[in-house]
Amino acid sequence: MDLKQIESFVRVAELGSFTRAAAALGIPQPLLSRHVRQLEVELRQTFLLRNGRGVTLTEPGLVLLEHGRGILHQVALAREDLEATRGALGGHVSIGLPPSLSKLITVPLTLEFRKRLPNAHLTLTEGFSVVMHEGLRSGRLDMAVLYNTAHSPEIETRLLHRETLVLIASEASVKRMPGLNLKARMPLSALASLPLILPSRPNAFRILIDTELDHLRLKPEIVLEVDGLNAILELVGEGLGFAVLPHYTLSNFPKPHSFTTHRLHSPQLACELMLVTSARRPSTETHKGVHALVADVVKSAIESLS
């Protein structure tokens with residue numbers, strides 16, 4: 001079993017196709033097939049089932065995929081650490097970002113990364129918490145920015161920012177409810193009487209809203225579940241309901257001034273924005289530098305909206 005065989009198997013498993021994997025690796029498909037077959041013969045297991053549409057993983061294949069990703073990740077870390085001994089921080093860093101924050105920090109994060117780490121490579125991935133946690137577990141992500149992450153021995157967290165969710169309304173949504181009087185500050189219990197457009201569970205915002213209203217023995221009136229923050233704001237703009245999101249999500253939207261925001265109290269909907277890494281995977285000097293970089297960029301971007 002060698003690294004070329006492991007890399008070949010992982011690429012085929014991830015792309016679901018020998019043809020696509022051979023193109024991605026830049027090697028002939030017969031050589032790729034030979035690498036995977038040698039691995040199966042040596043370990044006396046069948047890892048991939050070929051079919052007309054590509055390949056599917058067997059149960060042993062799923063086990064090897066997780067180990068294979070970990071092995072390749074460890075090799076990449078070793079190379080980065082060796083590069084660091086020559087005084088140059090390099091290698092590859094993959095970061096997951098939540099949709100509510102992605103548009104706000106993608107550009108400044110990329111510019112600052114290039115400035116501080118010109119010899120390193122950056123991959124940014126946008127996604128919800130479940131996808132980000134899976135990426136950290138499998139090694140596809142080195143770190144992720146997440147909301148309200150529960151403590152676990154599997155992860156390490158660093159607090160980046162504390163934020164409160166606000167009620168977001170539009171002129172159209174208010175007009176659809178004659179007699180509605182939205183104030184600058186409103187009790188959380190008022191949400192129970194408003195038609196809400198919320199992300200579906202297990203979105204961190206949705207869980208927080210459900211939990212806090214449940215403590216008040218109330219339930220949200222959810223008219224639509226939408227897993228896309230810009231889509232939620234578009235629907236609010238059309239008057240189909242109200243949103244409950246961090247105020248800075250409006251920076252993602254082309255017409256933020258067409259909305260009003262209303263602070264909630266008794267209690268507030270408090271979120272903790274955290275930088276999350278896997279406790280099972282060691283960090284390189286490059287990763288440590290990126291931790292500080294992400295913290296600086298998030299703080300600066302959010303403060304610029306205050």
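Student: Which residues lie nearest the centre of the largest cavity?
Tutor: In this predicted model, Pro98, Phe128, Ser129, Tyr147 and Asn203 lie nearest the centre of the largest cavity. The lining has 14 residues.

Student: Which elements give two or more residues to that lining?
Tutor: For the largest cavity, those elements are α5 (99-116), α6, β5 (143-147) and α8.

Student: And which of them gives the most?
Tutor: β5 gives the most to the lining of the largest cavity, with 3 residues.

Student: What volume does the largest cavity have?
Tutor: The volume of the largest cavity is about 110 Å³.

Student: How does its lining divide by class?
Tutor: The largest cavity is lined by 10 nonpolar and 4 polar residues, with no charged residues.

Student: How many cavities of 30 Å³ or more does the structure hold?
Tutor: There are 3 cavities of 30 Å³ or more. The second largest cavity has a volume of about 80 Å³.

Student: What lines the second largest cavity?
Tutor: His73, Leu136, Leu141, Asp142, Thr277, Ser278, Arg281, Pro282, Ser283 and His287 line that cavity. By class, this lining has 3 nonpolar, 5 polar and 2 charged residues.

Student: Switching to pockets. What volume does the second largest pocket have?
Tutor: The second largest pocket has about 180 Å³ of volume.

Student: Which residues line the second largest pocket?
Tutor: The lining of this pocket consists of Ser129, Val130, His133, Tyr147, Asn148, Thr149, Ala150, Pro202, Asn203, Ala204, Ile207 and Leu208. The elements that give two or more residues to this lining are α6 (129-138) and α8 (204-215). Ser129, Tyr147 and Asn203 line the pocket, and these residues are also among those nearest the centre of the largest cavity.

Student: How many residues of the pocket lining are nonpolar, polar and charged?
Tutor: The lining of the second largest pocket divides into 7 nonpolar and 5 polar residues, with no charged ones.

Student: New topic, helix packing. At what angle do the axes of α1 and α2 cross?
Tutor: The axes of helix α1 (residues 3-15) and helix α2 (residues 18-25) cross at roughly 125° and come within 8 Å. That angle makes α1 oblique to α2.

Student: Left-handed or right-handed crossing?
Tutor: The crossing of α1 past α2 is right-handed.

Student: Which residues meet there?
Tutor: From α1, Glu7, Ser8, Arg11, Val12 and Leu15 meet Phe18, Arg20, Ala21, Ala24 and Leu25 of α2. The contact of α1 with α2 has 6 nonpolar, 1 polar and 3 charged residues.

Technical notes. Residues numbered from 1 in each chain as written. Predicted model: local features only at pLDDT ≥ 70, side-chain atom pairs only at ≥ 80, totals over all residues. Heavy atoms only, no water. Axes fitted to C-alpha atoms, helices over the stretch in contact; angles between N-to-C directions. Helix = DSSP H or I, 4+ residues; strand = E, 2+ residues; numbered from the N terminus. Parallel < 35°, antiparallel > 145°, perpendicular 65-115°, else oblique. Left-handed = near helix turned anticlockwise from the far one by under 90°. Contact = heavy atoms within 4.5 Å. Nonpolar A, V, L, I, M, F, W, Y, C, P; charged D, E, K, R; others polar. 1 Å grid on protein atoms, 1.4 Å probe; cavity = no way out; pocket = protein on both sides within 12 Å on 5 of 7 lines; lining within 4 Å. Points joined across faces, edges and corners; volume = space filled by probe spheres on them.
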